Amino acid sequence: MKKLITCCLLLLLASNTHAQNAVVKLLINGSISGKVLDAALNEPLPYVTIVVKNNTGETVTGGITNDDGTFNIDKIPEGNHAVSIQFIGYKTITKNITINKDSKHVNLGNILLEEAAAALDEVTVVAEVSTIQQKVDRKVITIGKDLTTAGATASDIMTNLPSVNVDQQTGNISLRGNENVRVMVDGKLSNVPIAQLLKQIPSTSIKSIELITNPSAKYNPEGMSGIINIILHKNTKLGFNGNINLGLTKEVYAKFNSSIDVNYRNGKFNVYGSYGNNIGKWDNFGDIDRLDDNSRQDFNFFNNNKSHLFKVGLDYYLNDRNTISFFTNQNLFEGNGIGNTLLTDANSIKRRQIFGDETENSSGQYNLAYKHEFKKENETLDVEIDYNDFSQDQIADFNFINFNFPEDYMDFVDTKRDQTTINVDYVNPLNEKTKLEIGAEARLFNSTIDYNSTGITYNSEGFVIPTPSTYFDYTRNIYSLYATYGKTLEKWSYQVGARFEQVNVDAEPLRLFKDNTVELLPFENDYFQVYPSAFLTYTASDKNSYQISYSRRIDRPGLQQVNPIREWSTPRVSSFGNPELKPQFTNSVELNYTRNLGKGSITAGVFYRIIEDQISRYVRIDRTNLSDANSIMSYDNFDNTTAYGLEVSGNYRPTKWWNLNGSFDLYSQTQKGLTEYLSNYENPTVSDIVTINSEVENLVWNFRLFNNFRATKRLNLSLFAMYRGKEEGVQFTRDPMYFVNTGLRYSFLEDNRATFGFNYNDIFDTMKFAFEGDTPYPNVGEFNWESNTWNITFSYRFGGQKYRALQRKQRDNDIKSGSGGFM
């Protein structure tokens, strides 16, 4: 009995003790409260993020402020905590509190947030001068007002970037002398032709441009010479605000471009939209002299193009850890072109081809993204689904005067493309010095090209037949996984990674002849590849840093390169793709050095790459019509080759009113290709065709220098000069190219909201594409375009009243409006 009583007493005591502990525990769970106000206007701020962290830095709990700026967060355990008050566009405030039995409910009172002027400048006000910064895996050029004065569109800006060149005839972009480069906007590829897209993006909409010459495993490995990523400004200020831009350019014909972007943010919602257009007429002309038969071709091309680009997007902040975003881009293009080619032979007999082209295309992009931020700082999960479609109808009309062959004909081309991308990225900072990134991606791409013609052609036996209809169906699906691991060790840091890809390619060119016979040449190319990457950085001091990097990349053939349907044609040259073209691979090594100067910075680097199965253009003689000495251009894979180069870029401010931004690059590449020539030009036969494998060691250097002069607080002047050295190719050698541009920019109205710009391009009228070649026929030529232009721009920044959003919300609550708000 005594033992039983003792046990009961012990159980009662234990129960009582547990209850007392529970009570104590309950008593020391506390809460915090307060009210967040704007320091300047003394008005409440809704939807401000409140984060509570313990003394180890882990997030314990959090919340957001109400419409009146107040907040109350409970269930805060005992101990010392740091309360962080965060809001976009304002300086973060951190307050330390202690929760214990003597201090359970902490009232922080009124918390005054001050505007972070630097943060607002980043999203709404363009910096005065451009800067170049070398980061771990990319070179970042921040676009200042000096570069936006250099041109009205993104295409104009590209000409001013180190190691980047723009072909003024085609609009193609090259990086380090290689056109195998991928161009992205805000990290996303587009189905819109790059030359067309770049002319639709106003220069004032560009925040920065990233040159990723050795991308890490996180990025798609496409683009032998790397990636150019255009980052656009994104306004995140509360209320309604935006920008409007107008531009006019003229030499021969006027070209007009304009854009407007608006943004409305109210607490958890950020709605934005933009519209841009590019409307105008373009004039191009040139000539080619054939030295073997003393003939001459004079070209004159006229284009009347209209393009429109729309974008609408929504960011929804579910809470401080979860965000859903959606946007859509819609692009419309209408182009009319006329080409006039005059062919004059040695006897002054003139023949003429008149080419008319009507093109309409449309493209739609739909992007849905979800972002989750874990409790651990910088640990994130991103899921993105992107769908892109493109359709184009083209009618080409060929008329021939004084030609025996061919006769007049018309081509009809219907093109459709669609691509779906599903991407998942996970980032986990294992500790303060270590970070792990993993992800997966699926890219599903399909394109169909339907070609019909009213013309006639020669078959392989030399007989004239109706031009066959061709249907080209091309599918490429890519499935990939990647992982990168980075670590910092005092002055050293490194990052290693690999991307694993399975690619399935299926191409079916189908030709349908008039007698209902069908020629089907299917092609498949499935392959698995691993793309490793590695970066090692040594920061010797605050002023000096060194980096060496390695990556393996791929350049998959573009649609124009694999499309067997005729791309274009002149009286003497026709261009076709090769559907059996295989991808080329490159292994690239870079070494970079960055020096921070007191009044600027300088970055120097060298690179070396080995290219496997090089894709190169070849020119062969048209065997179906040797008497007219015509040529056919296409592509093929050649042996491995190498390339190396040197780059130096930097910015320096000699005085408060003068800023310099310059770059120099030199690169060498062994180019290989297949060429042909005739051993007999009089009554030639197939036996007179000689085929050779050509190899050229090409050394090219480029130089750019941009000067920005601050005449007054509101007036800036600019002077830009560029030189592209002589370039030797397999088919021809290009002469040096150079020009000088001038410009001015004047800001006015309150807070410099309005800006007027004027620039005069190629003031000495020196830009032209001049060349000479030996194969397949000896020739010299020159092409010109409207480079000697003047350009005026006007931009105006409106809105920016941070509390219109709050006032609108209060008004909507009062009247119980059911409208969806802006747009």
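Q: In this predicted model, which residues form a nonpolar patch on the surface, and what is their accessible area together?
A: The patch on the surface is nonpolar and is formed by L489, W492, L536, I548, V589, L591, V606 and L646. Taken together, these residues have an accessible area of about 640 Å².

Q: How many residues does the largest nonpolar core have?
A: Among the elements that give two or more residues to this core are α4 (154-158), β10 (164-166), β13 (206-212) and β14 (226-232). The residues with the most contacts inside the core are M158, V164, I173, I206, I209 and I228. In total, the largest nonpolar core has 22 residues.

Q: Which residues is I228 in contact with, leaving aside its neighbours within four places in sequence?
A: I228 is one of the residues with the most contacts inside the largest nonpolar core. Leaving aside neighbours within four places in sequence, the residues in contact with I228 are M158, V164, I173, V181, R182, V183, M184, I209, E210 and L211.

Q: How many residues are in the other core that lies apart from the largest one?
A: This other core includes A507, Y531, I554 and I565. Its residue count is 21.

Q: How many residues apart in sequence are the parts tied together by the salt bridge of E786 with K255?
A: The closest N and O atoms of E786 and K255 are 3.0 Å apart, and the two residues form a salt bridge. E786 lies in the loop between β46 (779-785) and β47 (790-799), while K255 lies in strand β16 (residues 254-266). The pair therefore ties together parts whose separation in sequence is 531 residues.

Q: Are E786 and K255 buried or exposed?
A: A residue counts as buried under 20% relative accessible area. E786 has a relative accessible area of 12%, so E786 is buried. K255 has a relative accessible area of 9%, so K255 is likewise buried.

Q: Which residues form salt bridges with R296?
A: R296 is partly exposed, with a relative accessible area of 30%. In another, the closest N and O atoms are 3.0 Å apart, and the partner is D298.

Q: What is the phi of N294 near?
A: N294 is placed in the loop between β17 (269-290) and β18 (295-317). With 57% relative accessibility, N294 counts as exposed. Its phi is positive, in a residue other than glycine, and is near 55°.

Q: Where is D765 found?
A: The phi of D765 is near 55°, a positive value in a residue other than glycine. D765 counts as partly exposed, at 48% relative accessibility. Its place is the loop between β44 (754-760) and β45 (769-773).

Q: How many residues apart are F240 and F798, which form an aromatic pair?
A: The structure holds 32 aromatic pairs. F240 and F798 form a tilted one, with 6.0 Å centre to centre and 40° between the planes. F240 lies in strand β15 (residues 239-250) and F798 in strand β47, and the pair links distant parts of the chain, 558 residues apart.

Q: Is the aromatic pair of F398 and Y409 stacked or edge-to-face?
A: The planes of a stacked pair are under 30 degrees apart. F398 and Y409 are 4.6 Å centre to centre with 20° between the planes, and the pair is stacked.

Q: Which residues form one aromatic cluster?
A: One aromatic cluster is made up of phenylalanines. Its members are F299, F301, F732, F769, F771 and F783.

Technical notes. Residues numbered from 1 in each chain as written. Predicted model: local features only at pLDDT ≥ 70, side-chain atom pairs only at ≥ 80, totals over all residues. Heavy atoms only, no water. Patch = residues over 30% accessible without salt bridge, like charges linked within 9 Å, V, L, I, M, F, W, Y side chains within 5 Å. Areas by Shrake-Rupley, 256 points an atom, 1.4 Å probe, with all protein chains shown as cover. Salt bridge = Lys/Arg side-chain N within 4 Å of Asp/Glu carboxyl O. Core = buried A, V, L, I, M, F, W, Y, C linked by side-chain atoms within 4.5 Å. Buried < 20%, exposed > 50% of the residue type's maximum accessible area, 1.4 Å probe, protein only. Helix = DSSP H or I, 4+ residues; strand = E, 2+ residues; numbered from the N terminus. Contact = heavy atoms within 4.5 Å. Phe/Tyr/Trp six-rings, centres within 6.5 Å; stacked < 30°, edge-to-face > 60°.
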